Amino acid sequence: MIGQNREHLRRFYQQVWDKRRAKSPLAGVEQIIAQVIEQHPEYHALISDPQALERDFNVEDGQTNPFLHMGMHITLAEQLGSDRPAGIRSLHQKITLQTGDAHQAEHKMMECLGLILWEAQRAGKPPDEQAFLECMRKLAG
């Protein structure tokens, strides 16, 4: 998306959110990021907090990393926009019909995405698109 540096990514989220609130024009991925942030009002104060650039969010402490959560939504938005891996868009539609809400469908899909990313990182390999699609097929029933 925009790089691997955590502070840089978080600063970019903040800049996009500042632009959205100022009603400045947004381009490309900025529009997706702003939309995802808007869908998560529980994170608005955090995104506006300059100290959030350095903050750790530990699962062990029962914390969800809001930047990771939003990043997964952004990843899914980009995948759905390009239908890559091929078939993800139709699977999203099926899961959306089941949940009755596209945002909730993405939350279910994020379970698969998180698993595939974790497995890829652990194995030191690229994410397995076919395993991702298979996981999603199971969700879609």
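Student: What pattern does the chain follow when it is read along the sequence?

Tutor: This is a predicted model in which local features need pLDDT of at least 70 and side-chain atom pairs count only at pLDDT 80 or more, while totals for chains, interfaces and linings use all residues. Residues are numbered from 1 along each chain as its sequence is written, and side-chain values use heavy atoms, with hydrogens and water left out. The chain has 7 helices and 0 strands, taken as DSSP runs numbered from the N terminus (helices are H or I, at least four residues; strands are E, at least two). The pattern along the sequence is α-α-α-α-α-α-α.

Student: What share of the contacts with a separation of 6 or more comes from residues 24 or more positions apart?

Tutor: A contact here means heavy atoms within 4.5 Å. Of the contacts in the chain with a separation of 6 or more, the share from residues 24 or more positions apart is 55%.

Student: What percentage of the residues in the chain is buried?

Tutor: Buried means under 20% relative accessible area, exposed over 50%, and partly exposed in between, with a 1.4 Å probe and protein chains only. Of the 141 residues in the chain, the buried ones make up 35%.

Student: Are α1 and α2 roughly parallel or roughly perpendicular?

Tutor: Helix α1 (residues 6–21) and helix α2 (residues 29–38) pack at an angle of about 85 degrees, with their axes 9 Å apart. The axes are lines fitted to C-alpha atoms, for helices over the stretch in contact, and angles run from 0 to 180 degrees between N-to-C directions. Under 35 degrees counts as roughly parallel, over 145 as roughly antiparallel, 65 to 115 as roughly perpendicular and the rest as oblique. The angle therefore makes α1, relative to α2, roughly perpendicular.

Student: How many nonpolar residues are in the contact of α1 with α2?

Tutor: On the α1 side the contact is made by F12, Y13, V16, W17, K19 and R20, and on the α2 side by V29, E30, Q31, I33, A34, Q35, I37 and E38. Ala, Val, Leu, Ile, Met, Phe, Trp, Tyr, Cys and Pro count as nonpolar, Asp, Glu, Lys and Arg as charged, and the others, Gly among them, as polar. The contact has 2 polar and 4 charged residues, and the number of nonpolar residues is 8.

Student: What is the relative accessible area of I37?

Tutor: I37 is found in helix α2. Not counting residues up to four places away in sequence, I37 touches Y13, W17, H44, I47 and M70. I37 is buried, with a relative accessible area of 0%.

Student: Is K23 buried or exposed?

Tutor: K23 is placed in the loop between α1 and α2. Phi of K23 is near 60 degrees, a positive value in a residue other than glycine. Most residues other than glycine have a negative phi, and most peptide bonds are trans. Because its relative accessible area is 74%, K23 counts as exposed.

Student: Which residue is joined to R84 by a cis peptide bond?

Tutor: In the loop between α4 and α5, D83 has a positive phi of about 50 degrees although it is not a glycine. At 25% relative accessibility, D83 counts as partly exposed. The loop between α4 (66–82) and α5 also holds P85. Omega is about 5 degrees for the cis bond that joins R84 to P85.

Student: Which residues does Q79 contact, leaving aside its neighbours within four places in sequence?

Tutor: Q79 is placed in helix α4. Its relative accessibility is 15%, so Q79 counts as buried. Leaving aside neighbours within four places in sequence, Q79 is in contact with R84, P85, I88 and F132.

Student: How far apart in space are H103 and H73, C-alpha to C-alpha?

Tutor: H103 is found in helix α6 (residues 102–123) and is buried, with a relative accessible area of 16%. Beyond four places in sequence, H103 touches Q39, H40 and H73. H103 and H73 are 30 residues apart in sequence, and their C-alpha distance is 8.7 Å.
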